[in-house]
Structure formats: structure tokens, C-alpha cells
Amino acid sequence: MVYCISNTMNMNIKQLNILLLLISCWNLPGGSCKKVCKFNDLRRSNEWYFNKYSLSKARGCTEIDHITIVAESFIGEDAITDIYTLDILSTVTIVTGYVNVYLYGTGSNSVSQDLYKLDFMYELREILGQEKSPVEGWYNVPLLVGYVPKLKYLGLRKLEKVNVEVQIKYNPELQLLGLWNLFDVNEIKITNNPKLSYLGLRESGFTRINAAYIHDNPKLCFLELELSAILGAMLGKMYEMKFYNNGVNCPDCVCRAHYCWGDAAEKCLKCPKYQLDGECVNS
């Protein structure tokens with residue numbers, strides 16, 4: 001087997017990480033590339049979150065017990081100083097515990113301001129929720145994304161299954177979830193995201209969802225239309241649904257009768273008439 005790389009000097013951390021994993025797996029039976037990691041084996045002292053040191057030990061992991069990125073990840077001697085360092089986690093496909101990206105309290109000069117999407121977890125497919133965070137409160141959620149100051153798009157395009165609960169809340173710039181392949185989840189909570197205007201969930205719907213709480217997202221204008229297709233047959237089986245204070249400040253863009261995830265014409269997901277160079281036009 002021969003792999004040709006035309007210019008490795010121009011590869012980003014994510015691409016290089018995947019390449020190194022492939023190289024390490026060439027001689028394994030069946031081409032298996034599984035590498036199980038435990039966070040306690042990666043960290044030092046009493047750290048419960050990823051920082052530059054623990055990330056350096058996580059290269060090539062395909063399964064890990066948790067991914068925790070918090071304000072403390074960007075502070076101190078081992079602070080993450082380049083947001084692309086997180087791409088070391090790009091080979092992880094299964095998290096047996098929880099994923100927390102919760103940046104409450106990060107300063108305006110923090111490198112966390114460069115976190116526009118979570119595509120450093122691009123290959124993530126399952127979050128099993130088998131372990132809980134050692135920190136009490138909101139952190140005990142299998143998938144928690146909150147207070148990420150510049151996050152516009154989740155970018156978890158391959159995520160399929162989250163045992164127990166998903167919470168996406170208090171993200172001031174979030175416009176689109178884009179959980180296109182998520183089909184199995186117990187509860188989903190999407191709240192207090194002032195610019196969220198489109199969910200972007202799996203069009204063919206869920207095979208399991210027991211509760212949904214979607215509220216206080218003032219630009220989420222097409223929720224009823226979107227949920228009727230997404231929830232489908234699950235509507236009669238769910239034990240609780242709460243939808244309120246959504247769509248009170250809707251964009252008046254050219255694709256208003258269809259789906260938008262922002263005010264501009266290029267942010268239309270479907271065009272009512274014609275499309276030209278990626279934008280919706282009337283003629």
C-alpha cells in the first residue's frame with residue numbers, strides 16, 4: 001500500500017493527525033485503527049479538562065472517556081494558545097462518557113474567541129454517557145455546548161447517537177446546529193441562543209427521542225415546519241415537549257418562505273425560485 005502526500009508542509013493539524021493514525025495502522029490485522037484512551041492517563045495533577053499538555057498525549061485516539069473544553073483550558077502554563085491544537089481530537093469517533101464545551105468566563109482576549117465551529121470533533125459518531133463529569137451541575141450532561149462566544153455552527157456532521165441528553169444553550173453567535181445525522185437521543189434541549197435561526201437536524205427524523213425542550217431562540221422562525229418533518233412518528237411517543245419564545249424576531253430575507261440560517265441571501269438553505277452563484281434570486 002502506497003500513500004503519496006504532495007506537500008505535507010501545508011497540512012493542518014487535523015490532516016496530519018489522520019495521516020499519522022493511518023501510518024500507525026498499516027500493519028495491524030484487518031487494517032484496524034482503534035486506539036482507546038483514558039483521560040486519567042493523559043493528564044497531570046488534578047486537571048479535569050483538556051489543555052495543551054493533555055492534548056499532546058491524545059494524538060491518534062479513536063475512543064476516549066470524555067472531551068472537556070472549558071475556560072480553564074485556555075489559562076495558565078499549559079493553556080491552549082492555538083485553536084487548531086484541538087484538531088488533535090479529530091480522530092475520535094466514540095466518547096464513552098461526555099463531551100463538554102462550556103466556555104463561561106473566558107476573556108475577550110482568549111484564543112477561545114477563535115472557536116467558530118466544533119469541527120475538531122469532525123469524526124465523532126457516538127457519545128455513550130457511561131461516565132459523568134467529576135464537576136457537579138451542568139457538566140453532568142453527555143453533550144453540553146454553552147457560552148461559546150463566537151460559535152456559529154456546531155460542525156458535528158457525523159454524530160449519530162447521544163445516550164441521555166443534549167444541551168445547546170447560551171451561545172450568543174450560534175446560527176445553525178447542523179446535526180444532520182443525529183437519529184438516536186433521549187432528550188434534546190436547545191435554549192437561549194439569540195441568533196439561532198435553523199436547527200439543521202436529520203430530515204428523515206429520529207428513531208428515538210423521548211423529550212424536546214426548545215425555547216427562547218428568538219430567530220428560530222421555522223420551528224414548527226422543521227419539527228413536523230424531523231419528529232414525525234415520534235410525536236405521539238414523546239413524554240414531554242416544550243416549545244416557546246421562538247421565532248419572535250425573524251429575518252426578512254429573500255428566502256423567508258423557506259429555510260434560512262441568517263439574514264443574507266447566501267444563507268438560504270432552499271431557494272423559492274432560482275439560485276445564482278450560491279445565492280437565492282427572484283429571476
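Tutor: Residues are numbered from 1 along each chain as its sequence is written. In this predicted model, local features need pLDDT of at least 70 and side-chain atom pairs pLDDT 80 or more, totals for chains, interfaces and linings use all residues, and side-chain values use heavy atoms, with hydrogens and water left out.

Student: What is the volume of the largest cavity?

Tutor: A cavity is a set of points, on a 1 Å grid over the protein atoms alone, where a 1.4 Å probe fits but cannot get out. Grid points are joined across faces, edges and corners, and the volume is the space filled by probe spheres set on the points. A search of the whole structure finds one cavity of 30 Å³ or more, and the largest cavity has a volume of about 40 Å³.

Student: Which helix gives the most to the lining of the largest cavity?

Tutor: Lining residues have an atom within 4 Å of a cavity point, and here they include Ile188, Phe206 and Phe243. Helices (H or I, at least four residues) and strands (E, at least two) are DSSP runs numbered from the N terminus, and both strand S8 (211–217) and helix H4 (223–231) supply at least two lining residues. With three residues, the element that gives the most is H4.

Student: Are the residues of strand S5 buried or exposed?

Tutor: Buried means under 20% relative accessible area, exposed over 50%, and partly exposed in between, with a 1.4 Å probe and protein chains only. In a regular strand the side chains alternate between the two faces of the sheet. In S5 (residues 143–146), Leu143 and Val145 point one way while Leu144 and Gly146 point the other, and all are buried.

Student: In S6, which residue is the bridge partner of Gly146?

Tutor: Two strands pair if DSSP finds at least two bridges between them. S5 pairs in the parallel sense over four bridges with strand S3 (residues 94–102), where Tyr102 stands opposite Gly146. S5 also pairs in the parallel sense over four bridges with strand S6 (residues 161–169), and there the partner of Gly146 is Lys169.

Student: What is the relative accessibility of Tyr147?

Tutor: Tyr147 lies in the loop between S5 and S6, and its phi is near 55°, a positive value in a residue other than glycine. Tyr147 counts as partly exposed because its relative accessibility is 24%.

How values were computed:
1 Å grid on protein atoms, 1.4 Å probe; cavity = no way out; pocket = protein on both sides within 12 Å on 5 of 7 lines; lining within 4 Å.
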